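Thanks for coming. I have one structure to go through today, so let me put it on the screen.

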Amino acid sequence: MSLRLRLALFYTGQLVVALLLFSFLMYGVLRWNYIREVDASLYSVAWRVAESMQRYWRIPSLKGLADRSTFILVRTDELVIAQSTDFGTFPVPAEAMAGRATYTTERDVNGEPYRLYTLPVYVNGEPVFWVQVAQPLQLLERVLTTLRPILGAGIAGFALLTGAAAWWLAGRAIAPVQRVASAAESVGQSADLSLRVPYQGPQDEVGRLVHTFNGMLDQLQELYARLATAVDAQKRFVADASHELRTPLTIIRGNIDYLERAGTLDPEALADMKAEAARMSELLEELLAMARADAGQTPELEPLALGPLVRDVCRRAGALPHQVDFVVELPPALDRIMVLGHAEWLRRALLILLDNAFKYTPSGSVTVRAGRQGEGVVLQVIDTGPGIPPEDLPRVFDRFFRGDPARSRGGSGLGLAIASWVAGLHGGRLTAESKVGEGSTFSLWLPVYRPAAGGTNS
Ligand code: ADP
């Protein structure tokens, strides 16, 4: 049974029960009141007759006391002594026989209802006479008989009207809930997370339900979009990685074929193969690093003195091939600065920046600088190279991104993505500023570690 039908039936049922109770009450009160009035009148007439008999030993004029609808009769248990009209007799009820005044409802020979009051009159302490006063109840019976079908029809009519109104009202109240249900169904069937439940009503329970449901769909849609982007990125990553690995492999295989055909060990071909093999292992290492980062494997960090680490990287970078002046401007204070970090990854990130600077700067200089900035320390690699076009700048940290002129220089496009991940791993950030024709500055900001402040990053 639908919720709408249940609600409609519930409201209608309640109204019918209330109307029935009210009708029974009204019916009962009407009947009771009428009979009380009749009883009072019967009582007064009967007592006047009884008093006269007891006090004056005589029966008063019954005709004078009776009226058109009041019949009086005085009798012994067997004989009628006097009566107002010749209207027949009612038996004396057993209770009255025993000496107690009694009200009863009787029917005459025609089946018409009467209210009867039987009052015993005592002589020498014994009930000898009985005064019986009766009044017809036809009027009451007629009123009640007319009332019954009216009440019945009224209740049925009201029940129908209320049923229809409750059905309509429940339909209106449930409509938004039904819309939510069908929207949820459509979402389930079509997997279309852009669907929303339209609702213009007040912010009541239903309004809140619609709001919550739509909010949930918003979140689901956002999550789904993020998931789809992540899956796309992953697919692209796998495709790019395969592509990158294929190139050195093709070169190596080509050289092997050539060596086979030539039958000699051409030193140039061997050197090519060595270089490509080296490039492949470097690439594989970078891919592995990215895969580990994606899998959420983060290396353990420990307090490190930054000065010795940066000087060591600069010393090693000096050995890299370069045609520019290599300027290292590290303040002595750097030796006292500690960071919570991973030495190998930090070295690697700095080397990537220096390697890029050397790779892309044909003349001029590459400078390394360090200094305090806010709660951290910033390491900068500044070059006087060709710079990065503004449209490329936001993408240089993307995996496999390589700027146009850089393609010829060999490289995977993973270096800055790795360096940027390393910065994030240390709670820092890597940023790039560049002007085409003037040069680029890469800044690695790391939070300073203060053991005194509780042994955590500050
Ligand atoms: P790769 O150097 O292997 O191409 P990276 O991720 O290290 O990959 O760099 C991405 C791109 O950013 C490079 O291809 C290059 O176009 C640009 N880039 C990086 N460093 C510099 C730099 N110092 N000067 C100019 N362009 C740079």
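I will go from the overall layout to the ligand site and then to a surface patch.

This is a predicted model, in which local features need pLDDT of at least 70, side-chain atom pairs count only at pLDDT 80 or more, and totals for chains, interfaces and linings use all residues. Residues are numbered from 1 along each chain as its sequence is written, and side-chain values use heavy atoms, with hydrogens and water left out.

The layout has domain 1 at 3-144, domain 2 at 205-294 and domain 3 at 302-457; the bounds come from an automatic or database domain assignment. Between the C-alpha centres of domain 1 and domain 3 there are 115 Å.

Now the ligand. Which atoms of the ligand face the polar side-chain atoms of Tyr360 and Asp383? For Tyr360, an oxygen atom at 2.8 Å; for Asp383, a nitrogen atom, at 2.8 Å. The protein covers 95% of the 530 Å² of accessible area that the ligand has on its own (Shrake-Rupley method, 1.4 Å probe; for residues, only the protein chains shown count as cover).

Last, the surface. Met1, Leu5, Leu9 and Trp167 make up a nonpolar patch with about 420 Å² of accessible area together. Patch residues have over 30% relative accessible area and no salt bridge, and nonpolar side chains (Val, Leu, Ile, Met, Phe, Trp, Tyr) are joined within 5 Å, like charges within 9 Å. A salt bridge is a side-chain nitrogen of Lys or Arg within 4 Å of a carboxyl oxygen of Asp or Glu.

Methods
Polar contact = N/O pair within 3.5 Å; in protein donor to acceptor, adjacent residues only side chain to side chain.
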